[in-house]
Amino acid sequence: MGRTGKLKKKSDSLHSRAARRETSPSADVDKSLKSMPRVEAPAKQPLIHAAGISKKKSKTKAMSRAQRLRQQKSIERAESVMDQLETKVAKSIGKAKAVNARKAQWEDLNSKHDAAVKILQETQDDEEMESEQPSETTTNSHQPIISHAGGNIIPPDTHEVIDEDDEIT
């Protein structure tokens, strides 16, 4: 690899920021002016808004009969569309209220179901605790108790044995 040479110092351009920031030679000459108080500039007059270049405003011409009718028809059409939109929004809000009411009913039902399941489980736990302790009274041990996953206890059906020989003719 080769070496790079020293960079040459560029001279500031006449219109650069650095050139504009340099002090003027006349400030070095008269240093007594720097210590004197400045004279306040006279108050400026308010600008006139219409001064300078401005875009011409077009004059409104009277509309012809056909133009007036066309405009009225478009305004009526816009009003009818707005009415349709309002009715659609009102129906949508009504539907949303019905959905929220149904949702609340389901939430109430689910909470009641959860509470019922909790109470049922507590009673089953109490019964299990009592059955673990020796009890003096005997229960019908020939009928098993069937329990489902939901926690509901269903007693077995007590049907009599049907004789197949007794046919009804």
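Predicted model: local features only at pLDDT ≥ 70, side-chain atom pairs only at ≥ 80, totals over all residues.

A: Met82, Leu85, Val89 and Ile93 form a nonpolar patch on the surface, and together they have about 360 Å² of accessible area. Such areas come from the Shrake-Rupley method with a 1.4 Å probe, and for residues only the protein chains shown count as cover. A patch is made of residues with over 30% relative accessible area and no salt bridge; like charges are joined within 9 Å, and nonpolar side chains (Val, Leu, Ile, Met, Phe, Trp, Tyr) within 5 Å. A salt bridge is a side-chain nitrogen of Lys or Arg within 4 Å of a carboxyl oxygen of Asp or Glu.

Residues are numbered from 1 along each chain as its sequence is written, and side-chain values use heavy atoms, without hydrogens and water.

Met82 lies in helix α4, residues 65–132; helices (H or I, at least four residues) and strands (E, at least two) are DSSP runs, numbered from the N terminus. With a relative accessible area of 46%, Met82 is partly exposed, between buried (under 20%) and exposed (over 50%). Glu130 is also found in helix α4 and, at 55%, counts as exposed.

Confidence is highest in α4, at 90, and lowest in strand β1 (residues 146–147), at a mean of 54. The protein has four helices and two strands, in the order α-α-α-α-β-β from the N terminus. Of its 169 residues, 2% count as buried.

Note on methods. Buried < 20%, exposed > 50% of the residue type's maximum accessible area, 1.4 Å probe, protein only. pLDDT = per-residue confidence, 0-100.
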